[in-house]
Amino acid sequence: MNNEVENIINEAVKIMIEHTEDEKKIGKLYEKHNKKIHFIPIRYRVFGGMLQSLNIQYGNFIEQLMAVIVSKDARYEIVTKYSGKKSNKFSISYENDSRIDAYITRCQVEENFDLKKEFNNLMDTIVNNKGDTFKKFTHDIDLLFRNKSTNVYYYLEIKYNDDHDTGKFVDINRKILKTSAYLIHELNITNAAQFKPILFFFNKKKMKDNIYIPEDTNIYRGDRFFNEFLNIKYDDVERYMSSLSENDTIINAFNEVYNKVMMYDSKKNL
């Protein structure tokens, strides 16, 4: 096993666990469960709540993992002003906002819709017609990085699995397009070739065809992104992650979380 792959994955897991085991979060969970009548001791309910939180955050872990992997590649620079932030202040022109909504509708209702052609036309139009009046809202950006030599920006919307229901699937694609419009304006992109939005699924499974974003140019599944962008092999990451739960480093990290909860409980009961 490639030691670099192990170290990268361990680092991403460590970041997530450290974020979860913050004493303030332990305190909030403790106060929440302290108000409930239950036969399970509060310390175990708090620890169970933290495990549940980590399980829910698995999608966030994949985001953090991909950010760490890309950051280790000397060819790229993470755009830290936006990347990984959950509360970016967006500005999108009313024109592009309406244009994207109209595009989504056309994808849904028009027969013989030339997806690749219309998608490229939309991106060109967004670049060349940024608009004059803007609406503001708050949104997150999973990963934004720049190729240092070509100065091309890559925006990734990262999902663990292609298993979203129809309504949520539409929202994901709408978000990608509107976030792209925001970033194109914010980064002062003047040529569509300077900016590439990517819908990335960590697993290779494909549930259904995407009618909003071209599969062959802007959707990456599993090893394709690794093969085209990275020196690290997807198979190495997949293999190591499969055995992660029995890794001594991970077990020790969870033991530390448990010990912190027990210590907090002891202080509360002094």
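## Before we start

Residues are numbered from 1 along each chain as its sequence is written, and side-chain values use heavy atoms, with hydrogens and water left out. Since the model is predicted, local features need pLDDT of at least 70 and side-chain atom pairs count only at pLDDT 80 or more, while totals for chains, interfaces and linings use all residues.

Let's start with L144, which sits in strand β4 (residues 143-147). Helices (H or I, at least four residues) and strands (E, at least two) are DSSP runs, numbered from the N terminus. L144 has 0% relative accessibility, so it counts as buried (under 20% relative accessible area; exposed is over 50% and partly exposed in between, with a 1.4 Å probe and protein chains only). Beyond its neighbours within four places in sequence, L144 is in contact (heavy atoms within 4.5 Å) with residues including I78, V79, Y155, L183 and F195.

Next comes β5 (residues 153-159), which is largely enclosed by the rest of the structure because 7 of its 7 residues are buried. Y153, Y155, E157 and K159 point one way, and Y154, L156 and I158 point the other way. β5 runs antiparallel to β4, with 4 bridges between them (strands pair if DSSP finds at least two bridges). In the hairpin of β4 and β5, 5 residues lie between the strands, and N151 takes a positive phi near 60°. On the other pairing, 7 bridges join β5 to β6 (residues 195-201), and these run parallel.

## A buried arginine

R45 belongs to helix α3 (residues 42-56). With a relative accessible area of 13%, R45 is buried. A polar atom of its side chain lies 2.7 Å from the backbone oxygen of I40. Leaving out residues up to four places away in sequence, R45 touches H33, K36, H38 and I40.

Rolling a probe the size of a water molecule over the atoms shows where empty space is left. Searching the whole structure turns up 1 cavity of 30 Å³ or more, and the largest cavity has a volume of about 40 Å³. Strand β2 (88-93) and helix α7 (166-186) each give two or more residues to its lining.

Notes
A polar contact is a pair of N or O atoms within 3.5 Å; within protein, one must be able to donate a hydrogen and the other to accept it, and residues adjacent in sequence count only if both atoms are side-chain atoms. On a 1 Å grid over the protein atoms alone, a cavity is a set of points where a 1.4 Å probe fits but cannot get out, and a pocket is an open set with protein on both sides within 12 Å along at least five of seven lines; lining residues have an atom within 4 Å of a point. Grid points are joined across faces, edges and corners, and a volume is the space filled by probe spheres set on the points.
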